[in-house]
Amino acid sequence: MTVREIRLFGDPVLRTACAEIGSIDDGVRALIADLVDTVELPGRAGVAAPQIGVALRAFSYNIDGETGYVINPVLTEVRGEPVPTGEGCLSVPGLWHDALRHPWARVEGIDLDGEPVVLEGEGLLAQALQHETDHLDGKVYLSRLDPETRRTAMREVRESPWF
C-alpha cells in the first residue's frame with residue numbers, strides 16, 4: 001500500500017488512547033498494509049497506528065527479520081524487574097534515552113482473519129511490545145524516563161529542528 005508519514009511528538013493523536021477495532025473491513029486491511037509498509041523501512045522495529053495518525057489499536061513490528069502486525073493488542077504479561085533500556089522513537093527523532101522496560105513481555109490480539117495472535121519474547125521484541133502498546137494507550141516513551149532524564153529529553157525536544 002503506502003509508507004505513511006510518522007506523526008511527531010506534540011501531535012494530539014499520540015496522546016490519545018486508541019479505540020479497539022471492531023469489524024475487519026477494507027479500511028482496516030488498508031491500515032494494516034500501511035503499517036507493515038511503514039515499518040519495513042530500515043532501522044524500524046515497530047510502528048503503532050497513532051504514529052501514522054490513526055487512533056485505532058493496531059501496530060506492526062519488524063524484529064530480527066520478522067515482520068508482522070497485531071490488531072487489538074493487549075500486553076497480557078511481563079516478567080522480570082524493569083531495567084533501564086536504551087530506547088528511541090520514530091515520533092521523537094534523534095533522541096535516545098534509557099527507559100524502564102521489563103526484559104520479557106507477551107502481547108495477545110488478532111490478525112486480519114480474526115484469529116488469535118500471541119507474540120512473546122525477550123530483548124528487543126519485549127521492548128517493542130511494551131513500546132508499541134504504550135503508544136496505543138496514548139503514551140510516548142518519554143513518560144517512562146526517570147525525572148532527571150525526562151527533563152533533559154524535553155529540553156532536547158524543544159531544541160530539535162522538527163519541534
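Trainee: How many disulfides does a search of the whole structure find?

Mentor: In this predicted model, the search of the whole structure returns zero disulfides. Cys18 takes part in none, and the nearest cysteine sulfur, in Cys89, lies 13 Å away.

Trainee: Is Cys18 buried or exposed, and is Cys89 buried or exposed?

Mentor: The criterion for buried is a relative accessible area under 20%. Cys18 has a value of 10%, so it is buried. Cys89 is likewise buried, with a relative accessible area of 10%.

Trainee: Which residues of the largest nonpolar core touch the most other members?

Mentor: One reads a core through the contacts among its members. This core has 15 residues, and those touching the most other members are Phe59, Val70, Val107, Leu119, Leu129 and Leu136. Two or more residues come from each of β2 (58-63), β6 (104-110), β7 (116-122) and α2 (124-136). The largest share, five residues, is that of α2.

Trainee: With which residues is Leu129 in contact, leaving aside its neighbours within four places in sequence?

Mentor: With those neighbours set aside, Leu129 contacts Phe59, Ala105, Arg106, Val107, Leu119 and Glu120.

Trainee: Which residues does the second, separate core include?

Mentor: That core comprises 14 residues, among them Ile21, Val28, Leu31 and Ala49.

Definitions and conventions:
Residues numbered from 1 in each chain as written. Predicted model: local features only at pLDDT ≥ 70, side-chain atom pairs only at ≥ 80, totals over all residues. Heavy atoms only, no water. Disulfide = S-S within 2.5 Å. Buried < 20%, exposed > 50% of the residue type's maximum accessible area, 1.4 Å probe, protein only. Core = buried A, V, L, I, M, F, W, Y, C linked by side-chain atoms within 4.5 Å. Helix = DSSP H or I, 4+ residues; strand = E, 2+ residues; numbered from the N terminus. Contact = heavy atoms within 4.5 Å.
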